Amino acid sequence: MEHTSIVRGRFAPSPSGRIHLGNILCCLLSWLSARQKGGAVVLRVEDLDTARCPRRYASQMEEDLKWLGLTWDEGPGAGGGDEPYYQSQRTALYQAALDRLRSMGLVYPCFCTRAELHAASAPHREDGQTVYAGTCRRLTAAEAAERARTRSPALRLRVPEEEIGFTDGHMGPYRENLARDCGDFLLRRSDGMFAYQLAVVVDDAAMGITEVVRGADLLSSTPRQLLLYRLLDLPAPTFCHFPLLLAPDGRRLSKRDADAGLSCLRGRVTAAEILGKLAYLAGFNPSASPRTAESLLADFSWDRVPREDVRIPEGLF
């Protein structure tokens, strides 16, 4: 559909459990960044893995966001012209994009097992991610057909031998040589589930998203997505990646951290206390005093947000 808002931000969580403080910070920064520019906020539920993301988790997440005051202009319960807003209902769009890439000769089947991909001999990046070695890229059509008789393949994109870079709105310049630093990446898993990289590009373009705010752990995904935007002739948004919120002991937060989840927090602190403390950690609330999302609009600035990961002080929440 045609989008009238000049700025369109989004929050696109995967509801595999109750949202935690890191998720809330992501939503808060996305919300503030778009709202401060007079833009619209879209909520999209990234529930492609329906076994891990049952609808009850999405419903709870939507209720939690409303409790926090982080409402959305388009998305579940609010409507909008880009429905449906659940990725599990948008697979026909991903299939169409996959077919287009396949027609360009850029897609090939991969029969590598998880153990083979993560073997000690496999090349790894500094952050521990595996670089695909291109094992199945060289299979002939006959060899691929023979392997497909006993194993369903994943599908990978042939990446070019080139550097793809961009200037992040918060972290600054970032570049990767995809062939060396990533390798041919997944478009669809062997169980038929579409990969995050393809789905997020298709959806952000279809929904007219102009600004993507997300955690720094996804910074390295951006060159892959920029390649897909280019190949599919889609407009790419701008990106702002922010540092991760860490537990007091330095661990990355996850939905397994009950003390950082809303299931625990809502019983002892208010929404304004949560937002005020997160804004304090993010550098734009001068103290940890309670704040509403609306009241933070006047103080929010990307210049105040740190670029290094932030550890939650013991006892702050």
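**Reading cavities, helix packing and backbone details**

User: Which helix and which strand each supply at least two residues of the lining of the second largest cavity?

Analyst: This is a predicted model. Helix 1 (21-36) and strand 2 (40-43) each give at least two residues to the lining of the second largest cavity. The space inside is about 50 Å³.

User: How many cavities of 30 Å³ or more does a search of the whole structure find?

Analyst: The search finds two. The largest cavity holds about 60 Å³ of space.

User: Which residues line the largest cavity, and how does the lining divide by class?

Analyst: Its lining is made of Leu 25, Leu 29, Phe 242, Pro 243, Leu 244, Leu 245, Leu 281, Ala 282, Val 305, Pro 306 and Val 310. By class that gives 11 nonpolar residues, with no polar and no charged ones.

User: What describes two packed helices?

Analyst: The description uses the angle between the two axes and the distance between them. Here, helix 3 (residues 91-103) packs with helix 7 (residues 196-206) at an angle of about 110°, and the axes are 10 Å apart. Because angles of 65 to 115 degrees count as roughly perpendicular, helix 3 is roughly perpendicular to helix 7.

User: Which residues make that contact?

Analyst: Helix 3 contributes Leu 93, Tyr 94, Ala 97, Leu 98 and Leu 101, while helix 7 contributes Leu 198, Ala 199, Val 202 and Asp 203. Eight of the contact residues are nonpolar, none is polar and one is charged.

User: What about the whole protein: how many helices and strands does it have, and what is its radius of gyration?

Analyst: The secondary structure comes to 11 helices and 11 strands. A compact globule of 317 residues would have a radius of gyration near 20 Å, and the protein has 20 Å, so the two agree. Along the principal axes, the C-alpha atoms fill a box of roughly 65 × 45 × 40 Å.

User: Where is there a cis peptide bond?

Analyst: The cis bond joins Glu 83 and Pro 84, with omega about 0°. Pro 84 belongs to the loop between helix 2 (55-68) and helix 3.

User: Which residue has a positive phi although it is not a glycine, and where is its place?

Analyst: That residue is Asp 233, with a phi of about 55°. Asp 233 sits in the loop between helix 8 (222-231) and strand 9 (238-242).

Terms used. Residues numbered from 1 in each chain as written. Predicted model: local features only at pLDDT ≥ 70, side-chain atom pairs only at ≥ 80, totals over all residues. Heavy atoms only, no water. 1 Å grid on protein atoms, 1.4 Å probe; cavity = no way out; pocket = protein on both sides within 12 Å on 5 of 7 lines; lining within 4 Å. Points joined across faces, edges and corners; volume = space filled by probe spheres on them. Nonpolar A, V, L, I, M, F, W, Y, C, P; charged D, E, K, R; others polar. Helix = DSSP H or I, 4+ residues; strand = E, 2+ residues; numbered from the N terminus. Axes fitted to C-alpha atoms, helices over the stretch in contact; angles between N-to-C directions. Parallel < 35°, antiparallel > 145°, perpendicular 65-115°, else oblique. Contact = heavy atoms within 4.5 Å. Rg over C-alpha atoms; globule rule 2.2 N^0.38 Å.
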